[in-house]
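Open the model in your viewer and keep the sequence panel beside it. The tour goes from one selection to the next.

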Amino acid sequence: MDNSETAPAKPPAAGPERSAAIDVAHLIKLYKTTRAVDDVSFRIARGSITGLLGGNGAGKTTTIAMIMGLVLPTSGRVQVLGHAMPEGSAEVLGRMNFESPYVDMPMRLTVRQNLTIFGRLYAVQNLAERIEQLASDLDLKEFLDRANGKLSAGQKTRVALAKALINQPELLLLDEPTASLDPDTADWVRQHLANYRKTHDATILLASHNMLEVERLCDRVIIMKRGRIEDDDSPDQIMARYNRTTLEDVFLDVARGRVREETP
Ligand SMILES: Nc1ncnc2c1ncn2[C@@H]1O[C@H](COP(=O)(O)OP(=O)(O)OP(=O)(O)O)[C@@H](O)[C@H]1O
């Protein structure tokens, strides 16, 4: 019998697929006497780009490392794409990726060899084609067969981005994605990330010291200071709250302990 007319409407799918991309609650990381991350909670909606700002040692990298399951929290909870980390890492690691210009790839291998290794780790289908595509998208063709150790810092950053996109991740964690890039290339990379978010409905969390980058790229900004969240809002709202016209001025206010404008 066809009972489609009378069957009650299905409730929206619950569970992992409908959850936030990242959900951290009361995250704490202690290193002996250092409170690297000190009771941090936030949820990041799927399809958004969020900037993690803060001075040196504010806890940004440690937070990202705990989200990736690379560093174990002292206490607190991390969920990524609906799965608890690090327990659920087998479920999610293939759907996320990470880029940091401070993590070097093997220097003697060529760019193509490096991308091939990472592509295999992620079991990427049609890997050779995927590498060609990335080389074309990120303008790597000229040095695809050059050893990684013989690239300029800016070229390495682009290769690192190619590595981060190799598995077409749903969630991309970036640590200083435009470090060492000239302004033109940096702008072009930002455009690429914005397009990637749009075409893949991807979620991006990026730590950056480039305030203009965050202002241009991010829907939301989380400002950390000494392991804690100092502010969390859209760039416009944050600038309005501090009565500033640039995030750079807000950053200086936070770093130097100037009090923000009190909202009524
Ligand atoms: N493995 C570690 N052992 C001991 N202390 C650590 C370790 N990793 C980080 N820390 C400390 O934790 C604090 C937060 O460091 P973290 O690298 O998360 O900061 P950050 O915001 O990423 O800084 P930066 O902008 O300089 O990269 C710092 O005081 C740092 O010295």
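Leaving aside its neighbours within four places in sequence, which residues is Val 80 in contact with? Select Val 80 and look around it. This is a predicted model. Beyond those sequence neighbours, the contacts of Val 80 are Ile 22, Ile 67, Met 85, Val 92, Met 96 and Leu 171.

**The core**

Widen the view to the largest nonpolar core, a set of 66 residues. Val 80 is one of the residues with the most contacts inside it. Next, colour helix H5, residues 153-165. Helix H5 gives this core its largest share, six residues. In soluble globular proteins, nonpolar side chains tend to be buried together.

**A cis bond**

Go back to Met 85, one of the contacts of Val 80. Show the backbone there. Met 85 is joined to Pro 86 by a cis peptide bond, with omega about 5°. Pro 86 sits in the loop between strand E5 (83-85) and helix H2 (89-92).

**The ligand**

Move to the ligand. Select Tyr 31, Thr 34, Ala 36, Gly 54, Asn 56, Gly 57, Ala 58, Gly 59, Lys 60, Thr 61 and Thr 62: these residues surround it. By type, the shell has three nonpolar residues, seven polar and one charged. Now colour strand E2 (34-44) and helix H1 (60-68); each supplies at least two residues of the shell. Which element gives the largest share of the shell around the ligand? Helix H1 does, with three residues.

**Two positive phi angles**

Select Lys 32, in the loop between strand E1 (22-31) and E2. Lys 32 is not a glycine, yet its phi is positive, about 50°. Is Lys 32 buried or exposed? Lys 32 counts as exposed because it has 4 C-beta neighbours inside 10 Å.

Then jump to Asp 201, in the loop between helix H6 (183-200) and strand E8 (203-207). Phi of Asp 201 is also positive, near 50°, and this residue is not a glycine either. Asp 201 has 10 C-beta neighbours inside 10 Å, so it counts as exposed.

**The annotated span**

Finally, select residues 22-251. An unreviewed UniProt entry places the feature "domain: ABC transporter" there. Over this span the chain is 37% helix and 27% strand.

How values were computed: Residues are numbered from 1 along each chain as its sequence is written. This is a predicted model: local features need pLDDT of at least 70, side-chain atom pairs count only at pLDDT 80 or more; totals for chains, interfaces and linings use all residues. A residue is near a molecule or strand if its C-beta atom, placed from the backbone, lies within 6 Å of it. Helices (H or I, at least four residues) and strands (E, at least two) are DSSP runs, numbered from the N terminus. Ala, Val, Leu, Ile, Met, Phe, Trp, Tyr, Cys and Pro count as nonpolar, Asp, Glu, Lys and Arg as charged, and the others, Gly among them, as polar. UniProt positions are given in the numbering used here, feature names are shortened, and annotations may be inferred rather than shown by experiment. A nonpolar core is a set of buried Ala, Val, Leu, Ile, Met, Phe, Trp, Tyr and Cys residues joined through C-beta atoms within 7 Å. A residue is buried if 20 or more other C-beta atoms lie within 10 Å of its own, exposed if 12 or fewer, and partly exposed in between; C-beta atoms are placed from the backbone. Two residues are in contact if their C-beta atoms, placed from the backbone, lie within 7 Å.
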